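Please look over the model shown here.

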Amino acid sequence: MPRAHAADIVEITRAYIESNEEGYKLAASYSFDLNHDLDDAVQHGVPLYFTTEIELTRPRWYWFDEKAIVARQTSRLYYNVLTRQYHVSVGGSVQQSFPTLDDALFLIRRPSRWLVAPRGALKVGQTYNVTLRMGMDRDYLPKPIQVNAFNNSDWRLASNKKTFLYTAE
């Protein structure tokens, strides 16, 4: 899998919306590496949170664009020093354990399809602008680390906005 060259960039390598009987799901994959400071923080038991944000808007000529769907999902990565295992929980659900950091990051880089809206949330046949963003969420860090993280560029790990069109089915 190709990796992003800059340590502070999350590259969105694949993103599309799928429609099924449950609703609308986001299928996405990301490419990034943790820099030395983030890797060191994880090794010392500091949990890192990665948030994916998606917004589907329908353009209107007479008013602001209609925000049909706005959703967020947060994944938590942490290392348990006693068991020497990495743990990842996606969206607050059951956590999974991994023996290596690369295995744990694989789940964050290639998450399972995420249900962003139920069936009927979008108007069939309408075209929507999809905006997707993913990055490390510094708001969840412990307060003493948070102060340093907001002033230190090594603690910034985020993607640029990726936009594409989706016609509801």
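## The largest cavity

Four elements each supply at least two residues of the lining of the largest cavity: strand S2 (23–31), S3, strand S4 (66–80) and helix H2 (101–109). S2 gives the most, with 3 residues. This is a predicted model.

The structure holds 1 cavity of 30 Å³ or more. About 110 Å³ of space lies in the largest cavity. Its lining counts 13 residues, and the closest to the centre are Tyr30, Thr52, Gln73, Ser75 and Pro111. By type, the lining divides into 9 nonpolar and 4 polar residues, with no charged ones.

## The largest pocket

The largest pocket has a volume of about 260 Å³. It is lined by 15 residues, of which Gly135, Met136, Asp137, Leu157 and Ala158 are the closest to its centre. Strand S3 (48–58) and strand S8 (127–136) each supply at least two residues of this lining. S8 gives the most, with 4 residues.

The pocket lining divides into 7 charged, 6 nonpolar and 2 polar residues, whereas the lining of the largest cavity has no charged residue. S3 supplies at least two residues to the pocket lining, and S3 also supplies at least two to the cavity lining.

S4 and S5 run antiparallel and are joined by 6 bridges. Ser75 has Val90 in S5 as its bridge partner. Ser75 is also among the residues closest to the centre of the largest cavity. The hairpin of S4 and S5 has 4 residues between the strands, and Arg84 there takes a positive phi near 55°.

Strand S5 (residues 85–90) is mostly covered, with 5 of its 6 residues buried. S5 also pairs with strand S6 (residues 96–98), in the antiparallel sense, over 3 bridges. Val88 has Gln96 in S6 as its bridge partner. In the hairpin of S5 and S6, 5 residues lie between the strands, and Gly91 takes a positive phi near 65°.

## The nonpolar core

The largest nonpolar core has 47 residues. Phe32, Leu34, Leu48, Phe50, Ile54 and Leu77 touch the most other members. In soluble globular proteins, nonpolar side chains tend to be buried together.

## Val42

Is Val42 buried or exposed? Val42 counts as buried because its relative accessibility is 0%, and the cut-off for buried is under 20%. Val42 is found in helix H1 (residues 36–43).

Not counting residues up to four places away in sequence, Val42 touches Leu34, Leu48, Leu77, Tyr79, Tyr86 and Leu101. Leu34, Leu48 and Leu77 are among the core residues that touch the most other members. How far apart are the C-alpha atoms of Val42 and Ser29? They are separated by 22 Å, with the two residues 13 places apart along the chain.

Key
Residues are numbered from 1 along each chain as its sequence is written. This is a predicted model: local features need pLDDT of at least 70, side-chain atom pairs count only at pLDDT 80 or more; totals for chains, interfaces and linings use all residues. Side-chain values use heavy atoms; hydrogens and water are left out. Buried means under 20% relative accessible area, exposed over 50%, partly exposed in between (1.4 Å probe, protein chains only). Contact means heavy atoms within 4.5 Å. On a 1 Å grid over the protein atoms alone, a cavity is a set of points where a 1.4 Å probe fits but cannot get out, and a pocket is an open set with protein on both sides within 12 Å along at least five of seven lines; lining residues have an atom within 4 Å of a point. Grid points are joined across faces, edges and corners, and a volume is the space filled by probe spheres set on the points. Ala, Val, Leu, Ile, Met, Phe, Trp, Tyr, Cys and Pro count as nonpolar, Asp, Glu, Lys and Arg as charged, and the others, Gly among them, as polar. A nonpolar core is a set of buried Ala, Val, Leu, Ile, Met, Phe, Trp, Tyr and Cys residues joined through side-chain atoms within 4.5 Å. Two strands pair if DSSP finds at least two bridges between them.
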